[in-house]
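Here is a short report on one protein chain. Look over the sequence and the model first, then read on.

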Amino acid sequence: MKRKAFQSALPYTLPIAVGFLFLGMSYGYFMRSKGFSFLYPMLMSFFIFAGSMEFVTVNLLLSAFNPLYAFCLTLMVNARHLFYGISMLDKYKNVGWKKFYLIYGMCDESFSINCTVTLPPDVDRGWFMFFVTLLNQAYWVLGATLGAILGYLIQFNTRGIEFVMTALFVVMFINQWEEEVDHRSALIGLLCSFLCLLTFGSQYFLLPTMGLIILCLTFFMKREDKERNK
């Protein structure tokens, strides 16, 4: 049963392996260029397993400790997983202990596969989702570790490598823009960020931006609820 589930899961994850290995190696090399041991990206990719937040964590580790800032930033970056989790409640039923790992290890790519793939009757759904999640995390941990180790062996000018993080967020924004019919939330985020950047400057604009986005989204959600109840 396990072998059948693994054989069914592997082909779906191979395209993800290419992207995870490349992006993970970029993250690992980025961490090494900032002076961190290879253990940092290896352990962070294993325990955090949130690619975009791991890139952000590099700057958090190098700056003054601010737990409120770190919490709010993490919540904003990964808030979409709240909705992923809600939509997977039924699929995670009756899978036993595997549910805990599936909740912990869910990422965008694992969610896409586990949510959309229709399995043949002879493949166990719980083990299939488990191996999809495990393989995707293994690709990411391997890529991050290899990238950090290569940082010891290959030396070149890493100036500007921080742009990998910027490119990652741009790609995420474009993907969400293409998937959504209503672009109001994206436009609210852009407008609030721009206004707070002009008001507070690049060093202090992030927390006010988060608060303003939450207020705007809450306002529009309440207004929509009132319109539905009329």
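Which backbone oxygen does the side chain of S45 reach? The backbone oxygen of P41, at 2.7 Å. Keep that pair in mind, as both residues return below. The model is a predicted one.

## Overall build

The protein chain has 11 helices and 0 strands. The C-alpha atoms fill a box of roughly 60 × 60 × 30 Å along the principal axes.

The protein chain has 230 residues, and 34% of them count as buried.

S45 sits in helix α2, which covers residues 39-47. Is S45 buried or exposed? S45 counts as buried, because its relative accessibility is 0%. Its side chain makes the 2.7 Å approach to the backbone oxygen of P41.

Set aside the neighbours within four places in sequence. S45 is then in contact with E54, Q137, W140, V141 and A144. Of these, Q137, W140, V141 and A144 belong to α8.

## α2 against α8

The axes of α2 and α8 come within 8 Å and cross at roughly 165°. The two helices are therefore roughly antiparallel to each other, since an angle over 145 degrees falls in that class. The crossing is right-handed.

Which residues of α2 meet α8? They are P41, M42, S45 and F46. On the α8 side, the partners are Q137, W140, V141, A144, T145 and A148. By class, the residues of this contact divide into 7 nonpolar, 3 polar and no charged.

## α1 against α8

Helix α8 (residues 125-153) also packs with helix α1 (residues 2-33). Their axes lie 6 Å apart, at an angle of about 25°. That angle makes α1 roughly parallel to α8, because the class takes in angles under 35 degrees. The crossing of α1 and α8 is right-handed.

The contact of α1 with α8 has 27 nonpolar, 8 polar and 2 charged residues.

## Helix α7

Helix α7 runs over residues 108-116. What are its buried residues? They are S110, F111, I113 and N114. An α-helix has 3.6 residues a turn, so residues three or four places apart point the same way.

The buried residues of α7 pack against α1, α5 (80-87), α6 (98-105) and α8.

## Loop residues

F49 lies in the loop between α2 and α3 (51-62). It has a positive phi of about 45°, although it is not a glycine. F49 is buried, because its relative accessible area is 7%.

The loop between α5 and α6 holds N94 and L89. N94 has a positive phi of about 60° and is not a glycine either. N94 counts as exposed, at 77% relative accessibility. L89 is exposed too, with a relative accessible area of 54%.

Conventions. Residues numbered from 1 in each chain as written. Predicted model: local features only at pLDDT ≥ 70, side-chain atom pairs only at ≥ 80, totals over all residues. Heavy atoms only, no water. Axes fitted to C-alpha atoms, helices over the stretch in contact; angles between N-to-C directions. Helix = DSSP H or I, 4+ residues; strand = E, 2+ residues; numbered from the N terminus. Parallel < 35°, antiparallel > 145°, perpendicular 65-115°, else oblique. Left-handed = near helix turned anticlockwise from the far one by under 90°. Nonpolar A, V, L, I, M, F, W, Y, C, P; charged D, E, K, R; others polar. Buried < 20%, exposed > 50% of the residue type's maximum accessible area, 1.4 Å probe, protein only. Polar contact = N/O pair within 3.5 Å; in protein donor to acceptor, adjacent residues only side chain to side chain. Contact = heavy atoms within 4.5 Å.
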